Amino acid sequence: MGEQLSSHVADLVEDQPLDGVETVAGAAAELFKALADPLRLQLVGLARQAPDAELCFCDLIEAFPQPQSTLSHHLSVLVKAGVMSRERRGTWSWYRLEPDLVDQINDALSLDGMLHQLLRLEHADNPKLISRDGDLLSRCEPPESAEDDTERA
C-alpha cells in the first residue's frame with residue numbers, strides 16, 4: 001500500500017506541493033476537530049461496538065443525560081465531518097460509523113500516511129527537517145551559558 005500511496009502523493013503534489021500538504025493537513029484537522037469532544041468520542045466508541053456499527057437516536061437519547069438538541073448537534077458535527085452517516089428509518093434516525101474512519105485516523109498519524117509523505121516531498125531538500133538516514137544533521141542547540149547569549153546579540 002505504501003508504494004501505491006507514494007505514487008498517488010507524487011501525482012497530487014506535482015504542480016503545487018504546498019497546496020497538497022495544506023489540503024491533506026486541513027482534512028485531518030477537521031477530522032480531529034470533530035472528534036475533539038468527550039461526548040462525540042463516546043458516540044464513536046459506542047458505534048464501533050454496536051451491531052453493524054450503527055446506533056438509533058432513540059437508544060442514544062435514553063443513554064445520555066443531554067437535551068435532545070445537544071445530542072443532535074453532536075451527531076450532526078460527526079455527520080458533517082464524515083465520521084458517521086445518517087439514515088432516516090420511520091420516525092427515528094440511525095447513525096452509522098463510516099467504515100474507513102479508522103483508516104483515515106491511521107493515515108493522518110502514520111509516517112507512511114499521505115500527510116507525512118507530502119511533508120517529505122515538500123521539505124526533501126532540508127536535512128534539518130527531513131532525515132534520509134534517521135539522524136538529523138543539526139538541531140538548534142541551547143547556549144552553553146548566559147554569557148554566550150549576550151555575545152551573539
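Glu54 is buried, with a relative accessible area of 12% (buried means under 20%, exposed over 50%, partly exposed in between, using a 1.4 Å probe and protein chains only). This is a predicted model, in which local features need pLDDT of at least 70 and side-chain atom pairs count only at pLDDT 80 or more, while totals for chains, interfaces and linings use all residues. Residues are numbered from 1 along each chain as its sequence is written, and side-chain values use heavy atoms, leaving out hydrogens and water.

Let's follow the partners of Glu54. Its salt bridge with Arg89 has the closest N and O atoms 2.9 Å apart (a salt bridge is a side-chain nitrogen of Lys or Arg within 4 Å of a carboxyl oxygen of Asp or Glu). Glu54 sits in strand S1 and Arg89 in strand S2, 35 residues apart (strands are DSSP runs of E, at least two residues, and helices runs of H or I, at least four, numbered from the N terminus). Arg96 also meets Glu54 in a salt bridge, at 2.9 Å from N to O. Because Arg96 lies in strand S3 and Glu54 in S1, this pair ties together parts 42 residues apart in sequence. Arg89 and Glu87 form a salt bridge too, at 3.4 Å. Through shared partners, Glu54, Glu87, Arg89 and Arg96 join into one network.

Now for the sheet itself. Its three strands form an open sheet in the order S1-S3-S2, with antiparallel pairing (two strands pair if DSSP finds at least two bridges between them). S1 (54–56) and S2 (84–89) stand at the edges with a single partner strand each, so one side of each has no neighbour in the sheet.
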